[in-house]
Amino acid sequence: MNAPLAPQTIYLADYQVPAYLVKTVDLHFDLDPAQTLVSSKLEMMRNPAGQGGALKLDGEQLQLHSVTLNGQRLSEAEYDCTDSRLVIDSLPDEFTLEIVTEIQPDQNTALEGLYHSGQILCTQCEAEGFRRITYYPDRPDVLAVFTVTLTADKAQWPIMLSNGNQVASGEFEDGRHWVCWHDPHPKPAYLFALVAGDLYCQQDSFTTMSGRQVTLQIFVDPENKAKCDHALLSLKQAMQWDEQAFGREYDLDIFMIVAVNDFNMGAMENKGLNIFNAACVLASPETATDDDFYTIQSIVGHEYFHNWSGNRVTCRDWFQLSLKEGFTVMRDQSFSADLNSAAVQRIDDVDMLRRMQFAEDAGPMAHPVRPDSYMEISNFYTVTIYEKGAEVVRMLKTLAGDAGFRRGTDLYFARHDGQAVTTDDFVSAIEEANDLDLAQFQRWYTQAGTPELTVECNYNQAEKTLTVTLQQSCPATPGQPEKQPFLIPVAVGLIGEQGQSLPLQLTDETQPIDGDTRVLLLTENQQNFTFINLPERPKLSVLRGFSAPVKLTQQRDNAELAFMMANDSDSFNRWDAGQTLFINILLALIAEYQSGSTLVVPELLTDQLAAILDNASVEPALTARMLTLPSENYLAAQMAVADVDAIHAVRSFVKRSLAVTLKIRFENLYQQLHQIKPYEFNAADLAQRSLKNTCLSYLMTLTEPVQVERCLAQMAQANNMTDLLAGLRLIVDVDGPQRQQALESFYQQWQHDRQVVDKWLTVQALSTLPGTLTNIKSLMQHPAFSLKNPNNVRALIGQFCRNNPSQFHARDGSGYQFLAEQIIALDKLNPQVAARQLGAFNSWRRYNADRQKQMQAALQMIADKSDLSPDVYEIVSKYLAD
Ligand code: B3K
Ligand code: ZN
């Protein structure tokens with residue numbers, strides 16, 4: 001690697017309390033996209049608990065105009081200004097510091113700090129963007145009260161927003177105007193936000209549990225004014241849910257959401273002023289799919305829930321990121337489960353955890369939920385921090401019970417309101433409120449890697465007992481060769497031959513427990529649990545509801561899996577048994593394919609699917625999930641050496657064979673479910689569309705003209721994006737004139753709508769027909785695409801590289817070369833987005849020698865660039881490390 005100096009590694013062990021505190025911040029912005037003047041007045045004091053020394057303020061890409069201490073302008077000799085710091089020595093215990101800086105929002109393609117998106121000026125400060133606005137102690141444990149005055153030309157920037165409540169406004173004679181905002185809640189700088197633009201505002205209100213009226217506002221580009229209803233409804237649902245589920249009431253008089261087109265991630269929880277990626281907030285039936293509606297509800301909830309888990313109680317340092325993210329994801333998952341289907345929510349959450357987080361945990365970037373070190377914090381907004389972090393909090397809830405967990409979170413919020421704290425503080429609150437000992441549990445925060453859980457059952461007919469042996473181990477991860485045993489809550493049930501639940505009574509217990517599920521606590525490397533009074537040999541349903549984020553090994557033949565798929569009373573485990581059955585059969589067929597044998601889909605699988613289809617009306621949403629084959633990437637992760645071509649060929653073969661045998665059933669069910677009616681976002685209609693489109697996807701594998709006509713007819717009749725896009729996705733894999741026609745007419749109809757155009761890019765990125773990469777390259781020249789827009793990048797490049805394995809891993813290495821080139825180009829514009837795209841190489845060592853060599857060469861090509869951002873440098877160097 002040519003980089004002259006590797007970026008510095010930051011260690012948790014080096015944490016020190018801040019040397020200086022900020023009591024109040026008074027910010028003045030003279031807004032102009034080319035050149036914005038920022039005047040900051042800080043009332044500061046030496047931290048009595050701090051180490052003393054000089055004042056070190058963070059600052060990047062700032063032009064410093066002046067520094068004034070207690071009214072006296074300082075000369076350049078009285079401070080030291082580098083490209084990342086402003087340092088001032090010899091300060092009194094209390095002082096007023098005024099700093100004037102100049103910034104250029106127009107030049108800001110990294111989308112961190114203050115930037116220009118379309119016709120909007122907006123900010124993104126988490127994690128370290130505030131230092132691109134002004135010099136400041138940019139760390140989450142410095143909390144201050146902010147007052148913000150915004151000034152700009154009134155015609156161009158009629159709306160100007162910041163955190164808290166608007167307290168004053170006025171106009172100047174030259175056509176400029178000003179607005180002053182005050183946020184009474186002390187907050188770290190990463191929660192600061194401002195927005196300016198000519199925006200449409202949709203307004204509503206919510207009455208809190210103590211009877212206060214809160215104004216709710218969504219600000220969008222005027223062209224999107226018909227797309228706000230769903231987010232507003234979701235916001236009200238979230239506000240009410242947090243009151244009921246966690247006793248959390250909103251604390252300002254106004255709550256605002258703004259939608260912007262250029263955004264590095266989904267959304268940001270700035271106090272009272274959430275800023276959203278337009279794609280994660282705007283929806284109408286014609287332009288957004290059911291999945292979009294669902295995701296919007298969950299993200300609106302997530303950002304709102306941060307008001308308590310993140311804002312009122314924040315993180316001491318960025319190593320504690322999962323304190324707010326893991327907990328808030330767990331909260332948004334519970335919200336979605338309560339508002340929709342809990343069973344489907346759990347399946348989807350676990351499916352994503354296994355596909356993404358297990359891969360991260362098994363790769364070169366594996367890190368604990370509370371990492372010990374990082375180079376670039378932006379790289380640690382990961383599925384481990386978020387999704388595994390949520391699983392860890394969910395386990396705490398399992399251990400404490402519903403009521404105990406609520407006691408714990410009440411104590412946490414009461415004890416730490418207004419503070420910046422650690423994951424230890426969170427665990428302590430749950431511990432103390434429930435008189436638990438969670439010392440061993442803490443290893444979930446400190447040890448990386450996915451634990452492996454092995455289960456064995458021995459039934460003793462004479463004694464009528466079943467001994468369950470649980471064993472755990474955890475593979476080594478970078479920097480952690482040895483692991484200590486985890487405390488693993490293992491939820492189990494026993495099932496009799498007729499599919500009935502059997503009593504759960506352990507040795508030494510006088511009677512069975514109530515209910516059909518109980519939680520065993522595995523604390524050692526190996527432990528036995530003996531169930532008694534079992535007149536028949538039971539089947540063990542283990543890890544019900546996925547009670548811990550572990551990889552389960554359980555010897556079960558296909559017949560037992562089929563039985564569990566039909567009979568387990570735990571819906572998650574029914575689905576999971578089906579997935580395991582699919583995986584076993586697919587892996588066996590892949591081995592046959594590799595040895596050149598003829599492939600035959602076992603009858604048992606066809607029979608199971610037939611039975612599921614015959615019972616589809618009972619739980620249509622679950623049925624759709626049960627019919628879905630594991631993804632190619634997930635299958636790859638189950639193989640010692642991932643064979644991309646065999647996986648693709650065999651998975652397609654199995655899907656098609658099932659469609660051939662079950663064609664009548666798929667057709668009948670499709671017809672039954674295909675009803676044209678006005679679009680509604682509700683659980684029943686979602687389930688119906690999801691199952692219908694699953695049937696269509698099977699039927700389209702038959703390559704029959706009648707199915708293509710069916711698909712085209714669905715698209716022609718569709719009054720909603722779900723049905724239209726489902727059709728388009730399938731048509732793009734049909735090699736014929738309909739394909740191009742469908743794509744063209746879709747574009748003609750929707751070219752004015754960025755969210756829909758991104759979907760159009762994605763369907764093309766995911767096409768499995770030859771020539772996809774060539775098409776992607778020409779789409780990058782299309783007026784609809786810009787490398788500067790993160791949504792475009794994710795929709796086209798990201799989807800291709802992550803979710804189109806058979807094309808991305810083309811034998812000639814063209815996919816790898818393409819990605820490397822894009823990362824190098826992106827790194828100049830937007831390091832965060834560039835670093836994200838590297839994720840497609842995460843599992844590069846799991847492929848065959850040829851592909852490894854090609855991926856290594858692509859990574860090396862990136863590494864050889866001399867001026868990489870810390871973001872890309874950190875990931876590429878960790879991927880290439882031995
Ligand atoms: N807290 C933000 C993520 C910020 C990412 C900064 N690179 C969104 C969220 O998790 O709610
Ligand atoms: Zn979050």
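## Second largest cavity

Val-542, Leu-552, Gln-554, Arg-556, Met-564, Asp-568, Asn-573, Asp-576 and Ala-577 line the second largest cavity, a cavity being a set of points, on a 1 Å grid over the protein atoms alone, where a 1.4 Å probe fits but cannot get out, and lining residues having an atom within 4 Å of a point. This is a predicted model, in which local features need pLDDT of at least 70 and side-chain atom pairs count only at pLDDT 80 or more, while totals for chains, interfaces and linings use all residues. Residues are numbered from 1 along each chain as its sequence is written, chains are lettered from A and ligands numbered from 1 in the order in which they are written, and side-chain values use heavy atoms, with hydrogens and water left out.

The second largest cavity holds about 60 Å³ of space, a volume being the space filled by probe spheres set on the grid points. Strand S32 (551–554) and helix H9 (571–594) each supply at least two of its lining residues, and H9 gives the largest share, three residues; helices (H or I, at least four residues) and strands (E, at least two) are DSSP runs numbered from the N terminus. The lining divides into four nonpolar, two polar and three charged residues.

## Largest cavity

There are four cavities of 30 Å³ or more, and the largest has a volume of about 140 Å³. Its lining comprises 17 residues, of which Gln-675, Arg-689, Lys-692, Asn-720 and Asp-723 lie nearest the centre. Helix H15 (683–699) and helix H16 (705–717) each supply at least two residues of this lining, with H15 giving the most, four residues.

## Zinc site

His-302 (NE2), His-306 (NE2) and Glu-325 (OE) coordinate the zinc ion (ligand 2) at 1.9 to 2.0 Å, where donors are N, O and S atoms within 2.8 Å of the metal. The donor residues are spaced H-x3-H-x18-E in sequence. His-306 lies in the loop between helix H2 (290–305) and strand S22 (314–315), and Glu-325 in helix H3 (residues 321–339), so the pair ties together parts that are 19 residues apart in sequence.

His-306 is buried, with a relative accessible area of 0%, and Glu-325 also counts as buried, at 1%, the term meaning under 20% relative accessible area with a 1.4 Å probe and protein chains only.

## Domain layout

An automatic or database assignment divides the protein chain into domain 1 (1–196), domain 2 (199–307), domain 3 (315–446) and domain 4 (452–549). The C-alpha centres of domain 2 and domain 4 lie 42 Å apart.

How values were computed: On a 1 Å grid over the protein atoms alone, a cavity is a set of points where a 1.4 Å probe fits but cannot get out, and a pocket is an open set with protein on both sides within 12 Å along at least five of seven lines; lining residues have an atom within 4 Å of a point. Ala, Val, Leu, Ile, Met, Phe, Trp, Tyr, Cys and Pro count as nonpolar, Asp, Glu, Lys and Arg as charged, and the others, Gly among them, as polar. Donors are N, O and S atoms within 2.8 Å of the metal (3.2 Å for Na, K and Ca); water is not among the atoms, so sites may look incomplete. Buried means under 20% relative accessible area, exposed over 50%, partly exposed in between (1.4 Å probe, protein chains only).
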